[in-house]
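Colleague: I have a chain on the screen and a few things to ask about it. Can you take me through it, one point at a time?

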Amino acid sequence: MVTASGRSRWPIVIGAAVLVVVISGGIAYTATRPTPTPNAAPSTATATPTPTPTGSTGTAGIGDDVAPTGCLGGQNRNVNMVLAAQADAKHTTYGAVETATAFYRFIWQYPYPSVADANTITNEVMTANTPASYADLSGTYASTDDLTTGDVEPGTPFHLSTTNGLWLVAQDSTADRVTVNIAAGYVVNGELSPTKVTAQAFVMVWDDDAWHVEKGEQPDAEKLSAGGNRYTGGC
């Protein structure tokens, strides 16, 4: 996970250079473009304004597939929200985006999720191929006093808002494997920050009639800024 200041405690990426991501209404948020880790695949995200959903509708979800709202599963940021989003998301790029967004909203908050909830997400939403260091959500929380490494004062409640957020699907995504880049704003002490954002990419795979998180990757913040898609709703 990558914070606005370019620092990260998550074992997938380490932040570096800072650039500006314009999210909405002339408001500029700072987001990181981290240096690649040895095992990180290069990002190939495109700036397609409105991607066409790929894959079949499958058995998940009801009704017509719609552009990502950023709030599938509901307003809450608990385990039930993530599982509901996963169950409702269709076998399309939009479904992958919604599931990745729900996952991001859950993991990036303080107070941290409970050990039981974190382990449920690891078991139900991540894949058997997810790196052990990335899958150990409860372990990361237990060993990390400040998930944001300074972007938010330690001990201060925060979560993410997708209201002004951006998402972008990588060009090399397929019907069953989609890389989703996301930038979302910080809500600190109940107020949306005008200066703070965090960005991350998630590799989503379709398995057992649902989208699952295989791993996290460095986000392509530059392309998010240049051509990211706005959520149609957000929460």
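Colleague: Are Cys 71 and Cys 235 buried or exposed?
Modeller: Keep in mind that this is a predicted model. A residue counts as buried under 20% relative accessible area. On that scale, Cys 71 and Cys 235 are both buried.

Colleague: How far apart are the sulfur atoms of Cys 71 and Cys 235?
Modeller: A disulfide needs the two sulfur atoms within 2.5 Å. Cys 71 and Cys 235 meet that and form a disulfide. By this rule the count comes to 1 disulfide. The sulfur atoms of Cys 71 and Cys 235 are apart by 2.2 Å.

Colleague: Which hand does the link of Cys 71 and Cys 235 have?
Modeller: Look along the S-S bond. The angle about it is 105°. That link of Cys 71 and Cys 235 is right-handed.

Colleague: How many residues apart in sequence are the parts that this pair ties together?
Modeller: Cys 71 sits in the loop between β2 (27-35) and α1 (79-88). Cys 235 belongs to the segment after β7 (229-230). The pair therefore ties together parts whose separation in sequence is 164 residues.

Colleague: What pattern does the chain follow along the sequence?
Modeller: The chain has 6 helices and 7 strands. Of its 235 residues, 53% count as buried. Read along the sequence, the pattern is β-β-α-α-α-α-α-β-β-β-β-α-β.

Colleague: Among contacts between residues at least 6 apart in sequence, what share joins residues at least 24 apart?
Modeller: A contact here means heavy atoms within 4.5 Å. Take the contacts in the chain between residues at least 6 apart in sequence. The share that joins residues at least 24 apart is 73%.

Colleague: How many of the residues of β3 are buried?
Modeller: β3 covers residues 158-169 and joins β4 through 8 bridges, running antiparallel. β3 also pairs with β7, again in the antiparallel sense, over 2 bridges. β3 is largely enclosed by the rest of the structure, because its buried residues number 11 of the 12.

Colleague: Which residue stands opposite Trp 167 in β7?
Modeller: The pairing of β3 and β7 is antiparallel. In β7, the residue opposite Trp 167 is Asn 229.

Colleague: Over how many bridges do β4 and β5 pair?
Modeller: β4 is mostly covered, with 10 of its 12 residues buried. Ser 161 stands opposite Gly 185 in β4. Ala 184 stands opposite Thr 198 in β5. β4 and β5 pair in the antiparallel sense, and the bridges number 11.

Colleague: Where does the side chain of Asn 181 reach?
Modeller: Asn 181 is placed in strand β4. Asn 181 is buried, at a relative accessible area of 1%. At 2.9 Å, its side chain reaches the backbone nitrogen of Asp 220.

Colleague: Which residue takes a positive phi in the hairpin of β4 and β5?
Modeller: The hairpin has 2 residues between the strands. The loop lies between β4 (177-188) and β5 (191-207). At 55% relative accessibility it counts as exposed, and it is Asn 189.

Colleague: What is the relative accessible area of Asp 208?
Modeller: Asp 208 lies in the loop between β5 and β6 (210-217). Its phi is positive, about 55°, although it is not a glycine. Exposed means over 50%. Asp 208 is exposed, with a relative accessible area of 66%.

Colleague: Which peptide bond is cis, with omega near 5°?
Modeller: Go to the loop between α2 (93-107) and α3 (115-125), where Pro 111 lies. The cis bond runs from Tyr 110 to Pro 111.

Methods: Residues numbered from 1 in each chain as written. Predicted model: local features only at pLDDT ≥ 70, side-chain atom pairs only at ≥ 80, totals over all residues. Heavy atoms only, no water. Helix = DSSP H or I, 4+ residues; strand = E, 2+ residues; numbered from the N terminus. Buried < 20%, exposed > 50% of the residue type's maximum accessible area, 1.4 Å probe, protein only. Pairing = 2+ DSSP bridges. Polar contact = N/O pair within 3.5 Å; in protein donor to acceptor, adjacent residues only side chain to side chain.
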